Amino acid sequence: MTSRYEPWDETRSAEIIAGLSHVEGGTLVILHALQEVFGYVPEPAIPMIASALNLSRAEVYGVFTFYHDFRHEPAGQHVLKLCRAEACQAAGGDALAARAESSLGIKLGNTTADQRVTLEPIYCLGLCATAPSAMLDSRVVGRLTEKRLDALVAEAQR
Amino acid sequence: MKIFVPRDAGAVAVGADDVADAFVRAAEARKLELEIVRNGSRGLYWLEPMIEMATPQGRVAFGPVAEDDVDAVLDAMIADAAHPLRLGVTEEIPWLKRQTRLSFARCGVIDPRSLDEYRAYDGYKGLARALTLTPAQIIADVTTSGLRGRGGAGFPTGIKWKTVADTAADRKFIVCNADEGDSGTFADRMLFEGDPFVVIEGMTIAGIAVGATKGYIYIRSEYPHAIAATNIAIAAAERAGFLGANICGSAHSFDLEVRVGAGAYVCGEETALLESLEGRRGIVRAKPPLPAHKGLFGKPTVINNVLSFAAIPFILNDGAKAYAEFGMGRSRGTMPIQLAGNIKNGGLFEVAFGITLGELVDEVGGGTLSGRPVRAVQVGGPLGAYFPRELFDTPFDYEAFAKRDGLIGHGGIVVFDDSVDMAKQARFAMEFCAVESCGKCTPCRIGSTRGVETIDKIRRGERVAENTAVLEDLCHTLKFGSLCALGGFTSYPVMSALKHFPDDFAPTPARLQAAE
C-alpha cells in the first residue's frame with residue numbers, strides 16, 4: 001500500500017516554510033502547504049512555523065487546532081466525506097451516513113483499523129441541488145443512493 | 001460540431017466528466033470533428049449533466065445525459081433528430097426563460113477560462129466605463145442602484161464603499177467573502193466555476209472606487225473546483241492587463257490573490273474572515289471599529305460577498321437605474337435564489353425581489369423530489385428560520401422576511417417533506433452552533449451547548465413547560481447577547497421550529513422508551 005503523501009522530512013518541511021514565510025498573514029497558507037505534501041501537519045512542524053513567522057508556538061498551535069481541516073495524524077488511504085448539512089439531511093443523508101458507518105464499522109470522524117478508509121462528515125459541498133452528496137478523495141458525487149454509496153465504500157476499501 | 005459539457009462541480013458530481021469522455025470516444029468512432037467546450041452550469045441541476053449543441057437557431061439542450069445515452073444523443077445531434085432527452089432551444093426552456101439573469105447572465109453560457117468569451121459577452125465593459133469616471137461617481141452609481149450586500153446582512157453597498165473611500169490610509173483592501181458555508185447555497189461556487197471574471201471585474205471596480213490596490217478572495221476549502229477556476233481566471237486577467245500594474249493603461253493598479261479557508265464555518269462572518277486572512281484563529285472581532293475603518297491588517301477594507309461584487313459590472317455598464325428598476329421596496333435588483341434539499345427541480349434561479357416563497361417552492365421548484373407534501377422550508381442557511389406552508393405568501397424581500405422572524409441570508413432555500421422531525425432540526429442548529437462557535441462570547445459558546453441539552457430534556461418529557469421557557473430564554477440571550485451572527489441567528493431555526501411545529505417537541509412513547 002503506497003501512500004499518496006511523502007513521509008515527514010524536516011528538511012523538506014523547512015523548504016516549504018521558507019518558501020512561504022514572506023506571505024502576509026500566511027499561517028494557514030503554510031499549514032495547507034504542509035498538509036498537501038505530508039497528508040497531515042506533523043507536530044515538529046509547529047515550532048518551525050513559529051520561528052519562521054516570529055510567532056509563539058502557542059499562537060501557531062492555536063491556529064492549527066482551531067480549523068477542522070488540519071490533521072494531527074495521517075488519514076487513511078482514502079478519505080470519504082459525507083455531507084451532513086441540512087440540504088443533504090432533507091434528501092435522506094441521515095440514513096446514508098448510518099449505512100456508511102455500519103458498513104465500514106466505524107463512526108464518522110474515524111479511520112478503519114487497516115488504515116484504508118477515513119470517514120468524515122463535511123458541512124456542505126455546495127452540491128445542495130443534487131443532494132445527498134459525498135466526496136471520495138477529490139472526486140465529488142451527487143444524487144447519492146444506497147447503491148451508489150455502497151459502490152463508493154467498496155471503492156474506498158480497495 | 002461544437003457541444004457544451006459543464007465542468008461545474010454539481011454537474012461533475014452527477015457524471016459530466018464521464019459524459020465528456022464518452023463524447024470524445026463516440027466522435028472518434030464516427031470520425032467526427034467535435035469541439036467540446038467545458039462551460040459552467042445553467043443551474044438546472046435536475047437536468048445535469050445538461051449537454052448543449054451549437055446550432056444556427058441557437059443552442060439546443062439535452063439532459064440529463066448519462067454516459068450510456070451518449071451514442072444515441074450524438075446521433076440525434078448529428079441528424080438534428082428527435083430524442084427523448086432533447087429539451088429544445090436552451091433559452092426557451094421555461095425554467096430559464098422565467099428568470100432575470102443579470103449577475104448570472106454568462107454562467108453556463110461561456111467557457112469560464114476564456115477571457116475572450118467573457119469580453120465577447122459584455123465582459124469588462126463595466127470596468128471600461130468605471131475608468132472614465134471619478135471614484136466618487138462610481139460610488140454614486142453603486143448607491144443609486146440600491147444594491148445591498150448579498151451575503152445576508154443586506155447593508156447598502158454604496159455606503160460601505162464610501163466609508164472606505166473617505167478613510168485616509170496608506171493601504172486599503174478589497175476582500176471577497178467566498179466562504180459560502182450555508183447549506184442550501186451554492187451561487188458563489190457556481191459563479192466561480194461558471195463565470196469567475198465577473199467577480200474579478202467587480203472587485204477591480206471596487207478597488208478603483210475606494211483606492212485599494214490589493215484584493216483577496218477567501219474561498220472555502222470545500223470548493224476545490226471553484227478555487228482552481230478562480231486561479232486560472234486571475235492568471236488570464238493578469239496576462240491581459242486587467243489586473244496588476246496600470247490596469248488597461250490607466251493609473252490604477254490592482255492585484256488579486258486567492259486564499260483558502262480551512263473548514264471553519266464562523267470564518268464566513270466578516271471579522272472572523274479577516275482574522276483568518278491575517279493568519280490567526282477565526283475569532284470574531286467586536287465592532288466598532290468597522291472593517292471599513294480598520295479591517296484587514298488594520299487598514300480600511302471593503303468586504304463584500306461574491307454576489308455583491310458580481311452585481312457591480314452590470315450596474316456600471318447598464319446603469320444604476322436599470323438595476324434599481326428590478327425588485328420591491330428597499331430590496332432592489334435581482335437575487336440569485338438557490339433551491340435545494342428535497343426538491344424536484346433544484347437549482348439556481350435568479351429573479352427580481354418580490355417573488356413569493358410559495359411560487360419558488362411549488363411552481364419553480366416543483367415541490368418535493370420524494371413526492372410527499374412539503375412540510376417546512378429553511379431559508380437563509382443553517383441559521384435561517386423554518387417556514388411552514390402557511391407562510392408561503394411571504395415575498396422574497398429582506399424586510400418581508402424579517403417581519404415574519406425570518407431572513408433571506410444568502411438566498412438558499414432548503415425544502416423538507418413531511419417526514420422531517422422539526423425538534424431534531426432545532427437540536428441540529430444548536431449543535432452546529434456549539435461545534436462552530438469561535439468561543440469568544442459566552443452566549444454563543446455556552447448557550448448553544450445548553451440549548452442542545454434543553455431540547456433533549458424537552459423531548460424526553462422532563463418538565464416540558466419549564467424547559468421550553470429555558471429554551472426560549474436561551475434563544476433570546478443568543479439573539480441579543482452574541483457578538484456575531486453565528487450565535488445571534490441560531491435562534492431563528494430553533495424558535496421558528498418551536499413556534500410553527502410545536503407538536504414535534506412533544507415526547508413520543510418511542511422516545512421516552514429510548515431515554516429509559
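Which residue follows H3(B), and is its phi positive or negative? H3(B) is followed by B:Asp80, whose phi is positive, near 50°. The model described here is predicted.

**Helix H3 of chain B**

Helix H3 spans residues 70–79 of chain B, and its buried residues are B:Val70, B:Val73, B:Leu74, B:Ala76 and B:Met77. Viewed down the axis of H3(B), these buried residues lie within an arc of 160°, so they line one face of the helix.

**An open sheet in chain B**

Five strands of chain B make up an open sheet with mixed pairing, in the order S13-S12-S16-S14-S15. Its edges are strand S13 (347–352) and strand S15 (386–388); each has a single partner strand, so one side of each is left without a neighbour in the sheet. From one strand to the next, the twist averages 30°. Within the sheet, strand S14 (residues 374–379) and strand S16 (residues 412–417) of chain B pair in the antiparallel sense over five bridges. B:Val377 has B:Val415 in S16(B) as its bridge partner.

**Nonpolar cores**

The largest nonpolar core holds 173 residues, of which B:Trp161 and B:Ile217 touch the most other members. Helix H10 (residues 196–210) of chain B gives the largest share of this core, 10 residues. Leaving aside residues up to four places away in sequence, B:Ile217 touches B:Cys176, B:Ala178, B:Phe192, B:Met203, B:Thr230, B:Ile234, B:Leu256, B:Glu257, B:Val258 and B:Arg259. There is also a second, separate core of 34 residues.

| Core | Size | Members, among them |
|---|---|---|
| Largest nonpolar core | 173 residues | B:Trp161, B:Ile217 |
| Second, separate core | 34 residues | B:Leu47, B:Ile337, B:Ile355, B:Ala385 |

**Contact between chains A and B**

The size of an interface is often given as the accessible area lost when the parts come together. Chain A and chain B bury about 3,500 Å² between them, with 57% of it on carbon and sulfur atoms. Chain A brings 37 residues to the contact and chain B brings 61 residues. On the chain A side, A:Glu24, A:Phe66 and A:Glu86 supply 19% of the area that chain A buries against chain B, more than any other three residues.

Conventions. Residues are numbered from 1 along each chain as its sequence is written. Chains are lettered from A and ligands numbered from 1 in the order in which they are written. This is a predicted model: local features need pLDDT of at least 70, side-chain atom pairs count only at pLDDT 80 or more; totals for chains, interfaces and linings use all residues. Side-chain values use heavy atoms; hydrogens and water are left out. Buried means under 20% relative accessible area, exposed over 50%, partly exposed in between (1.4 Å probe, protein chains only). Helices (H or I, at least four residues) and strands (E, at least two) are DSSP runs, numbered from the N terminus. The arc is that of the directions from the helix axis to the C-beta atoms. Two strands pair if DSSP finds at least two bridges between them. Axes are lines fitted to C-alpha atoms, for helices over the stretch in contact, and angles run from 0 to 180 degrees between N-to-C directions. A nonpolar core is a set of buried Ala, Val, Leu, Ile, Met, Phe, Trp, Tyr and Cys residues joined through side-chain atoms within 4.5 Å. Contact means heavy atoms within 4.5 Å. Buried area is the accessible area (1.4 Å probe) that two parts lose on being put together, summed over both.
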